[in-house]
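Please open the structure in your viewer and keep the selection tool at hand.

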Amino acid sequence: MATPLSDPSQSPLQTVAVVGLGTMGTGIAEVLAKAGRTVVGIDISETQAATCVATLEASTARGVERGRLTEQERAEILGRVRTSADLRTAADADLVIEVAPESYEVKQQIFRELDGIVRPETILATGTNALSVTRLAAESSRPERVLGLHFFNPAPAMKLVEVVSSVLTAPAAVTAVTDLALDLGKEPVAVGDRPGFVADGLLFGYLNQAAAMYEAKYASREDIDAAMRLGCGLPMGPLALLDLIGVDTARTVLEAMYAASRDRLHAPAPILKQLSEAGLTGRKAGRGFYTYEAPGSAVVVRDTLTPPEGGDLAPGREIRSVGVAGSGTMASGIAEVFAKAGYEVVLAARSAEKAQTAKARIGKSLARSVDKGRMTAESAAKTLERITATGTYDDFAGVDLAVEAVAEDLEVKRQLFAALDKVCKPGAILATTTSSLPVVACARATSRPQDVIGMHFFNPAPAMKLVEVVRTVLTADDVHATVREVCGRIRKHPVDCGDRAGFIVNALLFPYLNNAIKMVQEHYATLDDIDAAMKLGGGYPMGPFELLDVVGLDVSLAIEKVLHREFRDPGLAPAPLLEHLVAAGCLGRKTGRGFREYAKR
């Protein structure tokens with residue numbers, strides 16, 4: 001975190017006017033006042049101005065209660081803020097930050113009026129996240145003093161600030177505003193002028209695809225949101241986030257992005273228009289993708305789309321023993337999960353040695369759990385005893401559920417399923433852990449396609465709570481019910497999805513990663529700035545390039561190709577830079593070099 005300057009008077013930007021006192025404007029005013037700036041809050045609505053003052057009073061009172069502020073500091077902060085309904089009160093401002101509604105007409109009118117009010121050296125900043133800063137600057141009589149200053153909501157908590165230059169912006173103005181952002185304790189990222197900039201440019205494409213996925217009835221809103229929270233570690237699911245942002249706001253941002261890119265991934269999903277025009281704009285309206293307790297509330301309440309308590313699945317089959325095919329990290333992790341839940345597990349690999357190596361890996365994992373106090377030594381020993389390592393799939397003859405976790409190669413998987421079909425008893429369920437290949441192709445390799453289903457675990461399997469349960473058009477209802485029940489017993493969260501490329505998580509995650517690569521490829525922003533933007537502005541646990549290097553660039557490219565082949569959307573074509581790095585053998589951490597270089601172990 002950046003440390004604010006000890007003496008704010010060193011900055012040339014002492015008096016700051018904030019035009020528009022909604023949630024964002026109020027948050028920016030609070031940040032500025034806490035950093036020692038004199039703040040003039042301006043809003044045509046006196047009610048809105050009064051709400052801003054009340055919000056600041058409540059926020060600083062909480063700061064005192066929690067020991068973060070003294071009463072004297074609180075009084076000083078509140079004393080630095082005055083509000084007005086008259087734009088002329090910005091006359092003495094060194095910087096004006098406009099956070100009015102996302103409308104060219106509204107913003108241009110404000111800038112035109114400010115031109116006749118403020119001093120020639122005053123910097124004018126727009127807080128837009130969707131509109132062209134260049135177009136707004138061109139309407140001003142001082143285009144060299146106009147730039148974008150994009151804070152993230154809630155402004156007091158979020159560290160990221162995007163400093164947006166147009167081709168007309170003077171470097172001195174950028175420097176002054178960047179220094180101010182640092183003084184506010186923020187992390188400024190320098191970006192060029194294009195709709196969405198970095199964080200929203202990547203975020204809104206992902207949100208749009210999630211809305212389209214829901215609209216197509218591919219998965220429920222609850223499953224889409226749970227999948228992205230549990231599978232990617234995101235603080236909120238995409239549909240809940242759309243409700244928070246405002247469905248109408250998201251539609252406006254996407255319209256601007258599409259106008260600039262003509263990329264179908266940015267063309268707003270029709271459901272966004274339908275919800276917006278119906279007034280179902282999210283939390284602020286009390287209803288959007290979800291229904292809320294009241295307008296402005298964060299509390300979700302049941303509605304007609306809420307799944308019934310306990311589900312309405314058909315009776316399942318009894319599962320006592322589980323076979324896991326494979327010897328890699330995923331196979332051993334899945335075997336560990338089932339054994340911990342009390343199932344007898346047969347862990348089979350191509351050789352007895354490989355199977356024993358996989359079991360030894362499980363033993364080390366259990367030992368770490370004991371060392372960390374997560375389980376007793378006795379429990380770990382019993383768990384390991386439940387696992388039988390073998391070099392032949394013939395030992396799957398008695399299992400009730402066989403889970404395949406071998407290489408992500410369709411022909412390899414098909415051959416294995418043909419073998420399991422001959423070995424496993426009638427009624428045994430056959431599951432594949434594929435993340436991108438068609439489950440039905442595995443099913444058709446057997447004489448019992450109704451017994452085949454997808455169980456896509458996430459790595460590392462013992463830690464990750466999500467399992468994507470993938471039904472084909474041939475999967476029997478009781479097989480689906482059984483697998484969902486088993487997921488509950490092994491303490492995983494199942495989400496239902498159909499048998500199409502990427503399922504939920506990868507279908508939403510990898511286009512986002514691909515778009516990040518395109519940003520670098522087009523020299524729009526640096527790796528470090530993009531990673532920082534998504535962690536600080538989007539709450540992502542890892543930036544896209546950190547994640548790509550962990551996943552493996554070859555794996556990422558393979559998934560991108562599958563998605564492009566399945567959906568035939570030009571926007572999903574793998575970025576050439578990704579293909580070039582893979583061709584050069586730069587595959588990420590596993591080779592010591594991907595988008596970044598890593599020290600050899």
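Predicted model: local features only at pLDDT ≥ 70, side-chain atom pairs only at ≥ 80, totals over all residues.

Residues are numbered from 1 along each chain as its sequence is written, and side-chain values use heavy atoms, with hydrogens and water left out.

**The sheet**

Begin with the open sheet of 8 strands, whose order is β13-β12-β11-β14-β15-β16-β17-β18 and whose pairing is mixed. Helices (H or I, at least four residues) and strands (E, at least two) are DSSP runs numbered from the N terminus, and two strands pair if DSSP finds at least two bridges between them. Select residues 387-390 for β13 and 493-498 for β18: these strands stand at the edges with a single partner strand each, so one side of each has no neighbour in the sheet. Direction ignored, neighbouring strands here are turned by 25 degrees against each other on average; axes are lines fitted to C-alpha atoms, for helices over the stretch in contact, and angles run from 0 to 180 degrees between N-to-C directions.

Next, select 321-325 and 344-348, which are β11 and β12, a pair joined in the parallel sense over 5 bridges. Within this pair, Val324 has Leu347 of β12 as its bridge partner.

**Loops to look at closely**

Most residues other than glycine have a negative phi, and most peptide bonds are trans. Select Asn153 and Pro154, where the peptide bond is cis with omega near 0 degrees; Pro154 sits in the loop between β6 (146-151) and β7 (160-165). A cis bond, again with omega near 0 degrees, leads from Asn459 to Pro460, and Pro460 belongs to the loop between β16 (452-457) and β17.

Now move to Arg262, a residue with a positive phi near 55 degrees, in the loop between α10 (247-261) and α11 (270-277). Is Arg262 buried or exposed? Its relative accessibility is 56%, so Arg262 counts as exposed; buried means under 20% relative accessible area, exposed over 50%, and partly exposed in between (1.4 Å probe, protein chains only). Phe503 also has a positive phi, about 50 degrees, and lies in the loop between β18 and α18 (505-521), but Phe503 counts as buried because its relative accessibility is 1%.

**The second largest pocket**

Select Met330, Ser435, Asn459, Val551 and Val555, which lie nearest the centre of the second largest pocket among its 48 lining residues. Elements that give two or more residues to this lining include α8, α12 (329-340), β16 and α21 (553-567).

**A buried helix residue**

Finish at Ala137, which is placed in helix α5 (residues 133-138) and, at 0% relative accessibility, counts as buried. Apart from neighbours within four places in sequence, Ala137 is in contact (heavy atoms within 4.5 Å) with Pro143, Val146, Ser166 and Leu168. Select Leu124 as well: Ala137 and Leu124 are 13 residues apart in sequence and 8.9 Å apart in space, C-alpha to C-alpha.

Methods. 1 Å grid on protein atoms, 1.4 Å probe; cavity = no way out; pocket = protein on both sides within 12 Å on 5 of 7 lines; lining within 4 Å.
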